[in-house]
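Please keep the sequence and the model open while reading.

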Amino acid sequence: MDASLLLPLGFGLLSALTWGAGDFGGGMASRRAHAQAVVLWASGIGLLLFLLLAQVFGEAPQGRDLPYALLGGASGALGLLAFYRALAQGEMGLAAPVAGVVGAALPVALGALLEGWPGLFPALGMGLGLLAVWLVSRPEGRARPGNLGLALLAGLGFGGFYAFMDRVEGLFYPAAWAKLTAFLLVLPAALRARPWPGGREAPWVLLAGLGDAGGNLFFLLAAQAGRLDVAAVLSSFYPVFTVLLAWLVLKERLSRRRLTGVGLSLLAMALIALG
């Protein structure tokens with residue numbers, strides 16, 4: 001086992017766990033409130049949290065991080081808007097797996113191009129990880145062919161977030177700038193959305209905001225501790241944790257396909273750690 005991979009492996013899994021929990025909270029809140037309004041509130045929570053953490057830990061803003069953080073926030077927000085647009089057209093069966101795989105595959109390609117071949121075991125692990133993301137994120141039932149363009153655009157947006165945020169050197173301020181950009185881009189659509197979250201949705205909105213912020217933070221730590229491709233693939237396992245939370249909390253049935261995806265994700269983690 002390569003000890004140098006343990007730190008990015010741990011941070012990457014924490015990113016997936018917190019992002020998965022955030023998605024679960026966002027999904028619960030969106031049962032009664034409009035999804036874009038939930039995203040706006042979650043982005044605001046993350047923005048305030050990162051600004052607070054920057055003050056607590058005395059982090060100084062670095063000007064060179066600003067353009068990458070703004071581009072990362074814009075890319076992620078545009079990907080999210082494309083994703084929700086695809087969902088609104090009834091194309092979840094296409095959008096979720098394509099966006100998840102493309103979002104992880106883009107930084108994998110960039111990592112191989114910029115940082116070289118990761119080694120046999122990590123490469124196999126990342127390949128299995130992409131397959132696991134596809135299997136777990138596909139909803140049950142038959143998917144319509146749908147509009148592939150929106151799904152690809154969403155995936156490119158998510159992948160762009162990984163790639164741009166990998167370039168920053170700071171932690172809390174870049175995350176805050178990215179959240180501010182996302183907040184401003186989502187704001188026009190969210191203001192038109194109804195209904196907004198109420199008191200009953202507040203705990204789920206808080207979970208969505210804290211989980212999303214945690215996913216961002218731990219991804220940055222994973223990318224700064226190791227390779228972009230490893231960090232992105234591990235962070236992209238968040239649907240695994242969302243599905244597991246739905247199974248534990250909502251007693252949703254785990255299909256054979258999703259169980260296979262969960263198993264492949266565990267195997268992928270082991271292979272990456274062996275690198």
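Is Trp41 buried, partly exposed or exposed? Trp41 is partly exposed, with a relative accessible area of 44%, on a scale where buried means under 20%, exposed over 50% and partly exposed in between (1.4 Å probe, protein chains only).

## Basis of the model

This is a predicted model, in which local features need pLDDT of at least 70 and side-chain atom pairs count only at pLDDT 80 or more, while totals for chains, interfaces and linings use all residues. Residues are numbered from 1 along each chain as its sequence is written, and side-chain values use heavy atoms, with hydrogens and water left out.

## Packing of H2 and H8

Helix H2 (residues 35-56) packs with helix H8 (residues 202-225) at an angle of about 55°, and their axes are 8 Å apart. Helices here are DSSP runs (H or I, at least four residues) numbered from the N terminus, and axes are lines fitted to C-alpha atoms over the stretch in contact, with angles from 0 to 180 degrees between N-to-C directions. H2 and H8 are therefore oblique to each other, a class left over once angles under 35 degrees (roughly parallel), over 145 (roughly antiparallel) and 65 to 115 (roughly perpendicular) are set aside.

On the H2 side the contact (heavy atoms within 4.5 Å) includes Trp41, Ala42 and Ile45, and on the H8 side it includes Val205, Leu206 and Ala208. The residues of this contact divide into eleven nonpolar, three polar and no charged, where Ala, Val, Leu, Ile, Met, Phe, Trp, Tyr, Cys and Pro count as nonpolar, Asp, Glu, Lys and Arg as charged, and the others, Gly among them, as polar.

## Aromatic pairs

Rings of Phe, Tyr and Trp (its six-membered ring) pair if their centres lie within 6.5 Å, and planes under 30 degrees apart count as stacked, over 60 as edge-to-face and the rest as tilted. By this rule the count comes to twelve aromatic pairs. One of them joins Trp41 and Trp196 edge-to-face, at 6.3 Å centre to centre and with 80° between the planes; this pair links distant parts of the chain, with Trp41 in helix H2 and Trp196, 155 residues apart from it, in the loop between helix H7 (172-192) and H8. Trp196 is partly exposed, with a relative accessible area of 30%.

The rings of Tyr173 and Trp177 have their centres 5.9 Å apart and their planes at 35°, so this pair is tilted. Both residues lie in helix H7, four residues apart, about one turn of the helix, and both Tyr173 and Trp177 are buried.

Conventions:
Helices (H or I, at least four residues) and strands (E, at least two) are DSSP runs, numbered from the N terminus.
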